[in-house]
Amino acid sequence: MEKTNPMRILDRAKIQYVVHDYTDTGMVAGLDVANVLGEDPACVFKTLVTQGKSEKYYVFVVPVTNELDLKKAAASVGEKSVVMIPSKELLANTGYVHGGCSPLGMKKQMRTTIDTSAKDHTRFYVSAGKVGLQIEMDFADLEKVLNYQLADIVR
């Protein structure tokens, strides 16, 4: 399997992780992915990219079973409002495609906020940077490779 940017970042930091490959399932919806992995959907996260009124981009990481609360998200980063960026703008801004977006290894540094529920789980699943691949890692290790804040950002 070819290494993705998130895997290389974790390797450089000597952080242990497991890659789960579900490319052959054709699954992309978060809940389906959690089921394929046989994991509690509460510890499987999706990465969403938004743009604020200020034109700045923000990354929000939420459990796959939850929706991002745009008002809470905006408040967490000091914006009046944020909107999801169109899928067609994702690759140019992050280096990732829809369904394969990871908070690790983005093309541009963006302020990242992870839902507070993440700290309730030891294991943390997030995209490995390619559709069909998930990284499983210890949530406590994430702070070694990602500058983020925790906030209540789901509905």
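**Figure 1. Surroundings of M137 in the predicted model.** In this predicted model, M137 touches L10, I15, Q16, Y17, T122, R123, F124 and L142, leaving aside residues up to four places away in sequence.

Figure 2. As a general background, nonpolar side chains in soluble globular proteins tend to be buried together.

**Figure 3. Helix α1 and its buried residues.** Helix α1 spans residues 5-12, and its buried residues are P6, M7, I9 and L10. These residues lie on the same side of α1, because the arc that they cover around the axis is only 160°. Their packing partners are the strands β1 (17-21) and β7 (133-138). After α1 comes K14, which has a positive phi, near 55°.

**Figure 4. The aromatic pair of F45 and F124.** Three aromatic pairs are found in a search of the whole structure. One of the pairs is formed by F45 and F124, with a centre-to-centre distance of 5.0 Å and an angle of 40° between the planes, a tilted arrangement. F45 belongs to strand β2 and F124 to strand β6, so this pair ties together parts that are 79 residues apart in sequence. Both partners are buried: the relative accessible area of F45 is 2%, and the relative accessibility of F124 is 0%.

**Figure 5. The aromatic pair of F139 and Y148, and the ring cluster.** F139 and Y148 also form a tilted aromatic pair, at 5.9 Å centre to centre and with 55° between the planes. F139 is buried, and its relative accessible area is 7%. Through ring pairs, F45, F124, F139 and Y148 are linked into a cluster.

**Figure 6. N93 and its contacts.** N93 is located in helix α4, which covers residues 87-94. This residue is buried, at a relative accessible area of 6%. A polar contact of 3.1 Å joins the side chain of N93 to the side chain of K108. When residues up to four places away in sequence are not counted, N93 touches Y57, I85, K107, K108 and M110.

**Figure 7. The cysteines C43 and C101.** A disulfide is a covalent bond between the sulfur atoms of two cysteines. The whole structure was searched for disulfides, and zero were found. C43 takes part in no disulfide, and the nearest cysteine sulfur, that of C101, is 19 Å away. Viewed from C101, the closest cysteine sulfur is in C43, and the 19 Å separation is too far for a bond. C43 is buried, with 4% relative accessibility. C101 is buried as well, its relative accessible area being 7%.

How values were computed: Residues are numbered from 1 along each chain as its sequence is written. This is a predicted model: local features need pLDDT of at least 70, side-chain atom pairs count only at pLDDT 80 or more; totals for chains, interfaces and linings use all residues. Side-chain values use heavy atoms; hydrogens and water are left out. Buried means under 20% relative accessible area, exposed over 50%, partly exposed in between (1.4 Å probe, protein chains only). Helices (H or I, at least four residues) and strands (E, at least two) are DSSP runs, numbered from the N terminus. The arc is that of the directions from the helix axis to the C-beta atoms. Contact means heavy atoms within 4.5 Å. Rings of Phe, Tyr and Trp (its six-membered ring) pair if their centres lie within 6.5 Å; planes under 30 degrees apart count as stacked, over 60 as edge-to-face and the rest as tilted. A polar contact is a pair of N or O atoms within 3.5 Å; within protein, one must be able to donate a hydrogen and the other to accept it, and residues adjacent in sequence count only if both atoms are side-chain atoms. A disulfide is a pair of cysteine sulfur atoms within 2.5 Å.
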